Amino acid sequence: MIYIKRLTTGILAGLLIVVAGCKSDYLDVNNNPNQVTAATPQLVLPDALATTGWYLTGNIPPGSTAGNFYFLNLWMGYWNWSGNYSIATSDKNYQFTQGFNNSIWSTAYLNLKNYNYVDTQAATLNQPLLQGMAKIMKALHFQLLVDTYGDVPYTSALQGTSNILPTYDKAQAIYEDLFKQIDAGIALLSKGDGTLNPGTNDIMFKGDISKWLKFANTLKLRMLLRQSEKADRASFIQTQLATIKTSGYGFLGAGENASVNPGYSNSQNLQNPIFGAFYAINGNPTTLNNQYKGNLYGITFYKSTNDPRLTAYYRPVAGSTNNFNGTYFGTTDVLVNSQVSDIGPGILKSVDQSSPILQSHESLFMQAEAAQRGWLTGDPKALYQSAIAESFINVGHTAAEAMAYYSQAGVNDVNWDASANKIEAIITQKWASENGTAPFEAWSDYRRLGLPATVPISVDPSTTVKQIPVRLLYPTSEYSTNASNVGAQGTINQFTSKIFWEK
């Protein structure tokens, strides 16, 4: 097994957790004699939160040649592989196997066990705030698993040696129960004064319960929008929207990023996950930095819409000040690194930048879409423009630049009034804001709505199925250790075995 020390400076510097490897039972994380096996929930929480940040934006395990979701930056037109590196044909034509990115599965379940520990221990110790946070974060990870794989172990998972062969639950049933779990978390968080607040141990909101409540509602809104294209989900959606409105807690707004920072620093394995994946502690580019470069589709989009975020998402070609260039995913006519753009400073800001979990602009784009659909009150245009402004601010640009950008006359999918299809404008701008930091959300919107419609399919000649996959395959480990239960799911195909909310 591989054990990686996580950073929670001054809080949890000695706690070791498993991030990958074999297991003697399902989710057994106590095989390391140096691992803390009993800790207070307020000390386990920051490590679990830090691992969520690493899971979404880092390379798991650290030092590997691919991040958990870096491949989605390729699929969604943000990045491409460098001409200086080869890539397996199966990765270029979407014909991957069960061994493809297995860490997405294993790391999620391992960290779910950490959150489950916080949940159960906080309940025993009567610490409702900690318990509520853990329930909401468990819901987040299960939502990601369902959105990636469909049916997954849920009710019989996280039970350790009492159930080493968990059965699979239906994806829709899991989703419905996650709303109940989030509501339970909200109820615990609403208990307010007189309960233990983790304070600085809460490395996401520093004990600000109002933001946790907004985060919970925002996560619910994300899950409701996933189901927007399924007519049979309309009643469920309206019931859940009514609960959200009645709560009065609202959603994450301007300046309210759900992001984690345990105290990243310029030391080995202690850097911000994505920055540390691309730059060594001596400042030199890593292998990943040399592998991933700008995708011509993304670069062309930002150029064609006069978007100043171009300089945040990409760097100019070496030796130039304003020449941005890239190649399409799967291209056989590759360019050497000196001819293509590096990943930009709006994504790779600094060694101590926070790791995004759910950013303010994503929340505002979701609110804009929900308002445009008539689900929420509020002005969809104002929410749309606020979302664009937040996305500018979050990558180092200004609200004034954002206003100049979205006020361009006649530019479709930028100027609200000029856009004939408002949902398409919202999703296009949402896609434009998720470059490098939230490709999973871009992939999910693409699967749900087919937007942006022009995201290119791999141009590799061996790409016989001209379609971006709708899901990943169950990992090899499941077929070797939980064969009967995963086998009961039938034959899984990455192009046709859709998640329940897909059209």
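A residue is called buried when its relative accessible area is under 20%, exposed when over 50%, and partly exposed in between (1.4 Å probe, protein chains only). The legends below describe a predicted model, in which local features need pLDDT of at least 70 and side-chain atom pairs count only at pLDDT 80 or more, while totals for chains, interfaces and linings use all residues. Residues are numbered from 1 along each chain as its sequence is written, and side-chain values use heavy atoms, with hydrogens and water left out.

**View 1. Phe-142 and Tyr-154 form an edge-to-face pair.** Rings of Phe, Tyr and Trp (its six-membered ring) pair if their centres lie within 6.5 Å; planes under 30 degrees apart are stacked, over 60 edge-to-face, and the rest tilted. Here the centres are 4.8 Å apart and the planes stand at 90°. Phe-142 belongs to helix H5 (residues 128-149), and Tyr-154 to the loop between strand E4 (152-153) and strand E5 (168-169). Helices (H or I, at least four residues) and strands (E, at least two) are DSSP runs, numbered from the N terminus. Phe-142 has 3% relative accessibility and so counts as buried; Tyr-154, at 12%, is buried as well.

View 2. Because Tyr-55 is in helix H1 (residues 41-57) and Phe-69 is in the loop between H1 and helix H2 (70-75), the contact ties together parts 14 residues apart in sequence. Both residues are buried.

**View 3. Arg-447 lies over two rings, those of Phe-440 and Trp-443.** A charge sits over a ring if NZ of Lys or CZ of Arg is within 6 Å of the ring centre and within 35 degrees of the ring normal. The distance is 5.9 Å to the centre of Phe-440 and 3.6 Å to that of Trp-443. Phe-440 and Trp-443 belong to one aromatic cluster, whose members include Tyr-55 and Phe-69.

**View 4. Glu-441 and Arg-226 meet in a salt bridge.** The term means a side-chain nitrogen of Lys or Arg within 4 Å of a carboxyl oxygen of Asp or Glu, and the count comes to 19. In this one, the N to O distance is 3.0 Å. Glu-441 in helix H17 and Arg-226 in helix H7 (residues 209-226) are 215 residues apart. Glu-441 is buried at 4% relative accessible area, and Arg-226 at 2%.
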